[in-house]
Amino acid sequence: MPVGKLWVPDRRDIIWIDFNPQLGREMKDEHPMLVLSNKIFNERTGIVIGLPMTHAAFNDTNPFAVKFAGPKGEVGYVLSHQPKSFDWRLRRARPHPFKQVSPSVFESACEELNSIIKIGV
């Protein structure tokens, strides 16, 4: 990134973001998030749309969790049933060391979300 240029999250990025305040069964505290919205949207609105990510093993049986392997083979899950939109600046978002998910994981997460909310006709 060039000096003086501010970081803005982009589609397929993995970011750290604060999920608090939390209610009920929602995810809480700081967690990774898979960014669904594009950089132009994120920069212009200050909002990021994405899906929470976790390493919690009980998600292995969650039909809405997309399983993936991290750079060192660690297992993670994209929770496609919990789409979120957050003010990424106020929630102190920052890049995650994993950087991005693969195109196939991104596509699987989007397909799973679409199976829940049916975007399009």
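Does Asp 18 count as buried or exposed, and at what relative accessibility? Asp 18 counts as buried, at 17% relative accessibility. Buried means under 20% relative accessible area, exposed over 50%, and partly exposed in between (1.4 Å probe, protein chains only).

## Basis of the model

This is a predicted model: local features need pLDDT of at least 70, side-chain atom pairs count only at pLDDT 80 or more, and totals for chains, interfaces and linings use all residues. Residues are numbered from 1 along each chain as its sequence is written, and side-chain values use heavy atoms, with hydrogens and water left out.

## Asp 18 and its surroundings

Asp 18 sits in strand β1, residues 13-18. Strands here are DSSP runs (E, at least two residues), numbered from the N terminus. A polar atom of the Asp 18 side chain lies 2.9 Å from the backbone nitrogen of Asn 20.

Leaving aside residues up to four places away in sequence, Asp 18 touches Asp 29, Glu 30, Arg 91 and Arg 92. Contact means heavy atoms within 4.5 Å.

## Salt bridges

The structure holds 3 salt bridges. The term means a side-chain nitrogen of Lys or Arg within 4 Å of a carboxyl oxygen of Asp or Glu. One of them joins the side chains of Asp 18 and Arg 92, at 3.4 Å from N to O. Asp 18 lies in strand β1 and Arg 92 in the loop between β6 (84-87) and β7 (94-100), so this pair ties together parts 74 residues apart in sequence. Asp 18 is buried, whereas Arg 92 is exposed, with a relative accessible area of 56%.

Glu 30 forms a salt bridge with Arg 94, and their closest N and O atoms are 2.5 Å apart. Glu 30 belongs to strand β2 (residues 30-35) and Arg 94 to strand β7, so the pair ties together parts that are 64 residues apart in sequence. Glu 30 is partly exposed at 36%. Arg 94 also counts as partly exposed, at 37%. Lys 67 and Asp 60 meet through their side chains in a salt bridge of 3.0 Å, N to O. Lys 67 is partly exposed at 48% relative accessibility, and Asp 60 is partly exposed at 45%.

## A buried lysine without a partner

Lys 84 lies in strand β6. Lys 84 is buried yet has no salt bridge. Its nearest side chain of opposite charge, Glu 26, is 4.5 Å away. For charge, Lys and Arg count as positive and Asp and Glu as negative; His and the chain ends are not counted.

Beyond residues up to four places away in sequence, Lys 84 touches Phe 19, Glu 26, Met 33, Val 48, Ile 49, Gly 50 and Pro 52.

## Phe 64 and the nonpolar patch

Phe 64, Ile 116, Ile 117 and Ile 119 make a nonpolar surface patch of about 370 Å². Such patches take residues with over 30% relative accessible area and no salt bridge, with nonpolar side chains (Val, Leu, Ile, Met, Phe, Trp, Tyr) joined within 5 Å. Areas come from the Shrake-Rupley method with a 1.4 Å probe. Phe 64 is found in the loop between β3 (47-54) and β4 (65-69). Phe 64 counts as partly exposed, at 34% relative accessibility.

## His 96

His 96 is found in strand β7. His 96 is buried, with a relative accessible area of 7%. A polar atom of the His 96 side chain lies 2.9 Å from the backbone nitrogen of Phe 98.

Apart from residues up to four places away in sequence, His 96 touches Ile 14, Ile 15, Trp 16 and Pro 32. His 96 and Phe 64 are 32 residues apart in sequence and 23 Å apart in space, C-alpha to C-alpha.

Conventions: Helices (H or I, at least four residues) and strands (E, at least two) are DSSP runs, numbered from the N terminus. A polar contact is a pair of N or O atoms within 3.5 Å; within protein, one must be able to donate a hydrogen and the other to accept it, and residues adjacent in sequence count only if both atoms are side-chain atoms. Patches are made of residues with over 30% relative accessible area and no salt bridge: like charges are joined within 9 Å, nonpolar side chains (Val, Leu, Ile, Met, Phe, Trp, Tyr) within 5 Å.
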